[in-house]
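Student: Could you take me on a close look at one part of this model? I'd like one residue as the way in, and then whatever surrounds it.

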Amino acid sequence: ELQVVESGGGLVQAGGSLRLSCEASGFPFDDYAMGWFRQAPGKEREAVSCISSGDGSTYVIDSVKGRFSISIDKANVTAYLQMNSLKPEDTAVYYCAVDLLDLGCEESKFYTEEYDHWGQGTQVTVSS
């Protein structure tokens with residue numbers, strides 16, 4: 001059974017750091033993409049970052065560029081979102097999703113419609 005599990009969220013003061021993990025299992029180790037999304041209360045879900053296991057392409061939205069970075073551990077099918085210099089506006093539930101066709105993060109572009117397998121989310125709260 002395909003499973004996607006996020007972890008690493010929590011409460012942190014502004015300026016602090018968190019490292020989110022996204023562990024996927026239950027599917028063949030082949031080319032795939034993993035993406036991070038977030039949803040703040042009362043707002044629409046927002047794509048944040050993606051990474052391709054195939055060519056290593058990554059994408060990070062402008063609002064977090066320079067503060068967030070994405071990486072992947074292919075051996076363990078785990079993607080990480082390192083979040084530094086956190087701001088209160090980063091507060092949201094962060095979701096990880098998997099694109100089994102590795103079409104969602106090609107040429108350093110984020111094709112959000114390709115992500116079909118989602119985790120339950122992990123809460124990130126940044127206090128001022």
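Tutor: Let's go in through Ser 21, which counts as buried because its relative accessible area is 14%, and the cut-off for buried is under 20%. Keep in mind that this is a predicted model. Ser 21 sits in strand β3. Leaving aside neighbours within four places in sequence, Ser 21 is in contact with Val 5, Glu 6, Ser 7, Trp 36, Thr 78, Ala 79 and Tyr 80.

Strand β8 covers residues 78-83, and β3 (residues 18-25) runs antiparallel to β8, joined by 6 bridges.

Now go back to the contact list and pick out Trp 36. Strand β4 spans residues 33-39, and 6 bridges join β4 to β5 in an antiparallel pair. Gly 35 has Cys 50 in β5 as its bridge partner. The β4 and β5 hairpin has 6 residues between the strands, with Gly 42 at a positive phi near 75°. Strand β5 (residues 46-52) is largely enclosed by the rest of the structure, because 6 of its 7 residues are buried. On its other pairing, β5 runs antiparallel to β6 (residues 58-60) through 3 bridges, and Cys 50 turns up again, opposite Tyr 59 in β6. That pair is a hairpin as well, with 5 residues between the strands and a positive phi of about 80° at Gly 56 in the turn.

Next, the charged side chains. Arg 38 is buried at 9% relative accessibility, yet Arg 38 forms a salt bridge with Glu 46, with the closest N and O atoms 2.9 Å apart. Glu 46 is partly exposed, with a relative accessible area of 32%. Arg 38 also meets Asp 90 in a salt bridge, 3.0 Å from N to O. Asp 90 lies in the loop between β8 and β9 (92-99) and Arg 38 in β4, so this pair ties together parts that are 52 residues apart in sequence. Asp 90 and Arg 38 are both buried.

For contrast, look at Lys 65 and Asp 62, whose side chains meet in a salt bridge at 3.2 Å, N to O. Lys 65 is exposed at 53% relative accessibility, and Asp 62 is exposed with a relative accessible area of 62%. Salt bridges with shared partners also join Arg 38, Glu 46, Arg 67 and Asp 90 into one network.

One last stop is the largest pocket, with about 180 Å³ of space. Of its 13 lining residues, the closest to the centre are Arg 38, Lys 43, Glu 46, Glu 89 and Asp 90. The lining divides into 8 charged, 3 polar and 2 nonpolar residues.

Note on methods:
Residues are numbered from 1 along each chain as its sequence is written. This is a predicted model: local features need pLDDT of at least 70, side-chain atom pairs count only at pLDDT 80 or more; totals for chains, interfaces and linings use all residues. Side-chain values use heavy atoms; hydrogens and water are left out. Buried means under 20% relative accessible area, exposed over 50%, partly exposed in between (1.4 Å probe, protein chains only). Helices (H or I, at least four residues) and strands (E, at least two) are DSSP runs, numbered from the N terminus. Two strands pair if DSSP finds at least two bridges between them. A salt bridge is a side-chain nitrogen of Lys or Arg within 4 Å of a carboxyl oxygen of Asp or Glu. On a 1 Å grid over the protein atoms alone, a cavity is a set of points where a 1.4 Å probe fits but cannot get out, and a pocket is an open set with protein on both sides within 12 Å along at least five of seven lines; lining residues have an atom within 4 Å of a point. Grid points are joined across faces, edges and corners, and a volume is the space filled by probe spheres set on the points. Ala, Val, Leu, Ile, Met, Phe, Trp, Tyr, Cys and Pro count as nonpolar, Asp, Glu, Lys and Arg as charged, and the others, Gly among them, as polar. Contact means heavy atoms within 4.5 Å.
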